[in-house]
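Subject: Structure handover

Hi,

Here is the structure I promised to pass on to you. Please open it alongside this email, and my notes follow below.

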Amino acid sequence: MNDLRTSLISGFTWRSDPPVWPEHRKNYADYSAWWRDPAVLAEIGPALAALFRDAEPTVILGTESHGFLLGPLVALHLGIGFAAVRKEPERGSHDEVWLVRRTPPDYRDRHLDLAVRRSVLRPGDRVLFVDEWAATGGQALACQQLVDDAEARWLGAAVVVDALESSADRRVLNLRGLVHVRELRRR
């Protein structure tokens, strides 16, 4: 775990080149080096799973786009399935039931519709949410509502970087991170 943390911190950079959004956020996080490092890819799924070592999830839930990368890595490590949450989904057919929730404002001050197929999120599932970064917690909170709508049980949120602004939301989400944003600000 210490080698992974070191790789995560050293593979991270704050950038100031475009895009810049909104105006008050002059820098953005660049963690693209993480995905290029095979050691990070090999270790990150088990490390995120270890944050909830005794939780025994039955499915991993992740949002587009980095949740689609990290979620399957955690699911594969645990030997369970993955449920994909789409952002601003367009229905391909009318025969599939979707659960849909709108997020509170995110770090760009946007509200997004998040949706999951009802067939992949089932009553009684024990759900672990996985993503790379939590800043406002809006997507995780909307996913928590999707889990409730499915009559499943929310176990918590495992993220690479905990940048959550609200400690109350951290408790509500049961959010745990591999690295805290304070560790990245020193760079």
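Strands here, like helices, are DSSP runs numbered from the N terminus (E, at least two residues, for strands; H or I, at least four, for helices), and two strands pair if DSSP finds at least two bridges between them. Arg-126 has Arg-153 as its bridge partner in β8. From β7 the chain passes through helix α5 (residues 138–149) to reach β8, a β-α-β crossover that is right-handed. Right-handed here says that, with the strands pointing away from the viewer, the path from the first strand over the helix to the second runs clockwise.

Before going on, a word on the source: this is a predicted model, in which local features need pLDDT of at least 70 and side-chain atom pairs count only at pLDDT 80 or more, while totals for chains, interfaces and linings use all residues. Residues are numbered from 1 along each chain as its sequence is written, and side-chain values use heavy atoms, with hydrogens and water left out.

On its other pairing, β7 runs parallel to strand β3 (residues 59–63), with three bridges between them; Val-127 of β7 is the bridge partner of Val-59. Eight of the nine residues of β7 (residues 126–134) are buried, so the strand is largely enclosed by the rest of the structure. Buried means under 20% relative accessible area, exposed over 50%, and partly exposed in between (1.4 Å probe, protein chains only).

The whole sheet is open and has seven strands in the order β5-β6-β4-β3-β7-β8-β9, with mixed pairing. At its edges stand β5 (98–102) and β9 (175–180), each with a single partner strand, so one side of each has no neighbour in the sheet. From one strand to the next, the twist averages 25°. Helix α3 (residues 38–50) packs on the sheet and touches β7, β8 and β9, its direction making about 135° with that of β8. Contact means heavy atoms within 4.5 Å; axes are lines fitted to C-alpha atoms, for helices over the stretch in contact, and angles run from 0 to 180 degrees between N-to-C directions.

In strand β9 you will find His-180, which is buried at a relative accessible area of 18%. Leaving out residues up to four places away in sequence, His-180 touches Asp-162 and Arg-170.

Now for the helices. The 12 residues of α5 reach 17 Å from first C-alpha to last, close to the 16 Å expected at 1.5 Å a residue; that expected span is 1.5 Å times one less than the number of residues. Among the buried residues of α5 are Gly-138, Ala-142 and Leu-146. After α5 comes Glu-151, with a positive phi near 60°.

Helix α1 (residues 2–10) and α3 have axes that come within 10 Å and cross at roughly 115°. Leu-4, Ser-7 and Leu-8 of α1 make the contact with Val-40, Glu-43, Ile-44 and Ala-47 of α3. Pro-38, also in α3, counts as exposed at 61% relative accessibility.

Best wishes
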